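User: Hi! Could you walk me through this model? I have a handful of quick questions.
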Amino acid sequence: MNKLFARRPVMPPVFIGVLLLPNGMNQGFISVALGYTLAQHGVEVSAIAGLISLRLLPDTWTFLAGPVVDCTLSIARWYLLSVIGAAACLMLLAVVPLDSAGVAWMAPLCLSLGLASTLSTSATSAALALTTTNAVRGACAGWRQTGFLGGIGLGGGAGLWLSTHSAGPRVAAVALALVSLGCAFPFVLVEVPRIAREATVVIAARAALGSLWALLRSREGILAALAVTIPAGVGAAMNLMPAVSGDWHASATLVAAVTGVLGGLACVPGCIVAGYLCDRFPRRSVFLYSALLCAVGEAAMAVFPHSAPFFTVFVLTNAALTGLAYGGITAIIFDRLGPLGAATVGGVLSSLCNLPVVVLTVVVGVVQSHRGSNAMLLVEAGLGVVSVALYGLLTAIWRAKPVIEPPSAVSAMI
């Protein structure tokens with residue numbers, strides 16, 4: 001009996017996706033289900049974009065959450081606390097008025113959801129560093145984004161369907177809260193080694209920051225930090241598709257299916273393919289090519305006719321391409337994680353990675369309010385192409401120094 005239920009020491013890549021599912025679900029609920037509902041109640045797109053940005057903002061603070069996870073409670077406890085906090089915020093959102101007056105109450109709850117998600121992300125990164133090898137980090141990245149982006153589809157699609165076919169988004173919020181609590185089960189099946197804590201939190205923090213300093217003073221570390229910061233392959237405009245779906249004459253049912261469940265499913269092949277490609281090819285190259293494809297997809301959506309069929313095609317296509325880019329960027333982050341200070345290093349890189357998501361969501365929201373949906377798509381696509389080109393130029397100029405091996409004993413005798 002004990003052998004049957006023995007906890008395994010290695011985390012299967014698919015479990016990483018399960019642990020990130022709650023983060024995606026609450027983000028999908030905010031950006032899709034709540035965003036669409038508020039738009040139907042006359043709330044401005046810029047205000048909806050502000051709520052989405054508040055949910056995303058704490059993702060840029062992961063560098064603060066990382067040392068906390070590295071230096072204090074166990075990884076499993078931090079993860080459990082974070083999903084409990086996220087579930088509580090979703091339940092509170094269920095009682096807020098769905099109008100312009102309610103936006104003021106929603107703002108702190110969206111921010112709190114982001115904080116809970118930030119802690120769970122740091123805990124997941126720390127668990128991954130202690131239970132996987134670098135050889136499978138690409139696969140882990142692919143499944144991580146499968147869980148996250150698939151969660152966005154589930155939280156958005158199922159949330160919107162429940163919102164429009166039942167008692168409203170309140171039922172959806174409660175349902176997603178309960179599902180989030182169940183996503184902690186991998187910690188029941190996998191034995192995550194306890195991190196050897198130093199004598200004091202200060203000493204432990206110094207050790208974690210030492211790992212970060214080692215990363216940021218190397219060429220590979222700096223290029224990784226820059227790669228996750230460029231505004232490419234972000235898919236910020238896709239976050240606002242439910243709010244602007246009227247420009248493509250899409251019905252509520254179609255929006256729920258395409259931006260929700262189908263969109264989440266469309267992300268899965270891209271995430272998984274990118275993850276396994278990153279285990280075979282240079283991880284930065286996989287990301288850069290994926291980001292260029294994302295730019296092409298968004299530009300094409302702006303150029304082609306605005307109708308419900310094209311809305312379906314391009315939202316699903318861009319979901320798959322965003323999955324490719326997200327899988328690649330996550331593999332770059334996971335590639336830099338070691339057993340010491342994993343949450344800190346991963347937190348800093350994740351914070352940098354989420355910075356362009358927050359900024360671009362606000363930017364494209366403002367562009368859409370003033371210039372329309374086509375301009376929104378073209379602005380993000382143009383920024384992606386320019387940033388990839390500049391990054392490629394930098395890597396071409398800044399070549400790695402050749403490794404000079406010391407002469408062997410035989411050559412020394414000669």
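User: Is His249 buried or exposed?
Analyst: His249 is exposed, with a relative accessible area of 62%. Exposed means over 50%, buried under 20%, and partly exposed in between, using a 1.4 Å probe and protein chains only. One caution: this is a predicted model, where local features need pLDDT of at least 70, side-chain atom pairs count only at pLDDT 80 or more, and totals for chains, interfaces and linings use all residues. Residues are numbered from 1 along each chain as its sequence is written, and side-chain values use heavy atoms, with hydrogens and water left out.

User: Where does His249 lie?
Analyst: His249 is in the loop between helix 12 (241-244) and helix 13 (252-278). Helices here are DSSP runs of H or I with at least four residues, strands are runs of E with at least two, and both are numbered from the N terminus.

User: What is the phi of His249?
Analyst: It is near 55°, a positive value in a residue other than glycine. Most residues other than glycine have a negative phi.

User: Zooming out, how many helices and strands does the protein have?
Analyst: The count is 18 helices and 0 strands. Of the 414 residues, 53% are buried. Among contacts (heavy atoms within 4.5 Å) with a separation of 6 or more, 87% are between residues 24 or more positions apart.

User: Now helix 4 and helix 5. At what angle do they pack?
Analyst: Helix 4 (residues 75-93) packs against helix 5 at about 160°, with the axes 8 Å apart. The axes are lines fitted to C-alpha atoms over the stretch in contact, and angles run from 0 to 180 degrees between N-to-C directions. The two helices are therefore roughly antiparallel, a label for angles over 145 degrees, while under 35 is roughly parallel, 65 to 115 roughly perpendicular and the rest oblique.

User: Last topic, what does Ala342 touch?
Analyst: Its contacts are Asp70, Ser125, Ala126, Ala129, Leu337 and Gly347, again without residues up to four places away in sequence. Ala342 is in helix 16 (residues 342-371) and is buried at 3% relative accessibility. The C-alpha atoms of Ala342 and Leu128 are 8.7 Å apart, although 214 residues separate them along the chain.

User: And how do the axes of helix 16 and helix 17 cross?
Analyst: They come within 7 Å and cross at roughly 145°, with helix 17 covering residues 373-397. Leu360, Val364, Val367, Gln368 and Arg371 in helix 16 meet residues of helix 17 including Met376, Val379 and Glu380.
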